[in-house]
Amino acid sequence: MQLEQLNIDGKDFRIIKNIYMYWEQTAAMRVGNETSSFQRIKRGVRQGCVLSPDLFSLYSEIIMQNLENCPGIKVGGYNVNNIRCADDTVLTAENKDDLQKLLNIVEEESRKKRLELNSKKTEVMVISRKQEPPKCNIFINDAKLEQQDKFKYLGTIITSNGRNNNEIGARIAHAKTSFQKMRAVLTNKHISIQTRKRVLQCYIEPILLYGCEAWTISKQIEAKLEATEMWFLRRMLRISWTERKSNETVLIEANSRRSLIKTIRKRQATFLGHVMRREKLEHLITTGKLDGKRGRGKQREKMMDCKDSTATKI
């Protein structure tokens, strides 16, 4: 049995092996008063079973153990060829040949465990500084995978140029949509502005700031976020753009100060401290150096290069 390879405690192994709700489970069909004979289901884990996620994770671990010596991306001398969270798996490599090799190993080992990769749900993306990312032809059982310029991983949009502009724009759009759904409460003048700001902070800001700990905020992005903050306040106070009121006037009427960028900086500092203390893969990615040469021209601004320019603002 494949679980024996993970050195699972003998008692836990026997419990899993003796559970009849899996391989030994039987079922019968009943139509009216007639019942068919019982047949063995012979199926694996099922949705809704408390044991299913654990068994899936164990089998996933067995499969990924075969990638330990395969080339990936070197960060700080450490080889990173896969990133996993539950059933969301990303394979990483420096070139398409290495990536195809990784995918072939995963597909072959999965087939041995009676699992199958869905080529329609598997995509490939090249992260490059070039305007047009290079073509990357990757196959699963002669089925060519579709190459994307962006995809969503754990709720965050990852783009081929490695920037987070699309993700921040999507966060702003989601937050504004949620604001409109709660418009009846947030723009109700019978509710105090302090209460409405609290509702905004509890229900709208978390949507806007999801994943902000990893954002690289340029001057343009900072201006866009501050404009979004004022967008909320103007609609809560029902101030039309035709009134031509300045942002300072709106902040005074709302008895408020600019706080969105400061909130982001605080969350980034808290998360960075957590990463540095934990000294796991996140610490390595943050502090490690990639092998290879630097690209020509000015280097991209990193998250830790961004400075807080809101100290003197209202």
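This is a predicted model: local features need pLDDT of at least 70, side-chain atom pairs count only at pLDDT 80 or more; totals for chains, interfaces and linings use all residues.
Start by colouring the chain by pLDDT, the predictor's confidence in each residue, from 0 to 100. Among the elements of the protein, helix 1 (residues 10–18) has the lowest mean pLDDT, 70, and helix 4 (residues 165–181) the highest, 96. Helices here are DSSP runs (H or I, at least four residues), numbered from the N terminus.

Next, select residues 309–314. Their pLDDT is below 50, and beyond near neighbours in sequence this stretch has 14 contacts in the model. Contact means heavy atoms within 4.5 Å.

Residues are numbered from 1 along each chain as its sequence is written, and side-chain values use heavy atoms, with hydrogens and water left out.

**Helix 4 against helix 6**

Show helix 4 with helix 6 (residues 193–208). Their axes come within 7 Å and cross at roughly 150°. Axes are lines fitted to C-alpha atoms, for helices over the stretch in contact; angles run from 0 to 180 degrees between N-to-C directions. The two helices are therefore roughly antiparallel (over 145 degrees; under 35 counts as roughly parallel).

Helix 4 contributes Arg 171, Ile 172, His 174, Ala 175, Ser 178 and Phe 179; helix 6 contributes Leu 200, Ile 204, Ile 207 and Leu 208. By class, that contact has seven nonpolar, two polar and one charged residues. Ala, Val, Leu, Ile, Met, Phe, Trp, Tyr, Cys and Pro count as nonpolar, Asp, Glu, Lys and Arg as charged, and the others, Gly among them, as polar.

**Helix 4 against helix 7**

Helix 4 and helix 7 pack at about 5°, with axes 11 Å apart. That makes helix 4 roughly parallel to helix 7. On the helix 4 side, pick residues including Ile 168, Ile 172 and Phe 179; on helix 7, Leu 225, Trp 231 and Phe 232 are among the partners.

Zoom in on Phe 179 and Trp 231. They form an edge-to-face aromatic pair, 5.4 Å centre to centre with 65° between the planes. Rings pair if their centres lie within 6.5 Å, and planes over 60 degrees apart count as edge-to-face. Phe 179 in helix 4 and Trp 231 in helix 7 (residues 219–236) are 52 residues apart.

Select Arg 238, in the loop between helix 7 and helix 8 (247–253). Arg 238 has a positive phi of about 55° although it is not a glycine. Most residues other than glycine have a negative phi. Finish at Arg 244, in the loop between helix 7 and helix 8. Phi of Arg 244 is positive too, near 55°.

Conventions:
Angles under 35 degrees count as roughly parallel, over 145 as roughly antiparallel, 65 to 115 as roughly perpendicular and the rest as oblique. Rings of Phe, Tyr and Trp (its six-membered ring) pair if their centres lie within 6.5 Å; planes under 30 degrees apart count as stacked, over 60 as edge-to-face and the rest as tilted.
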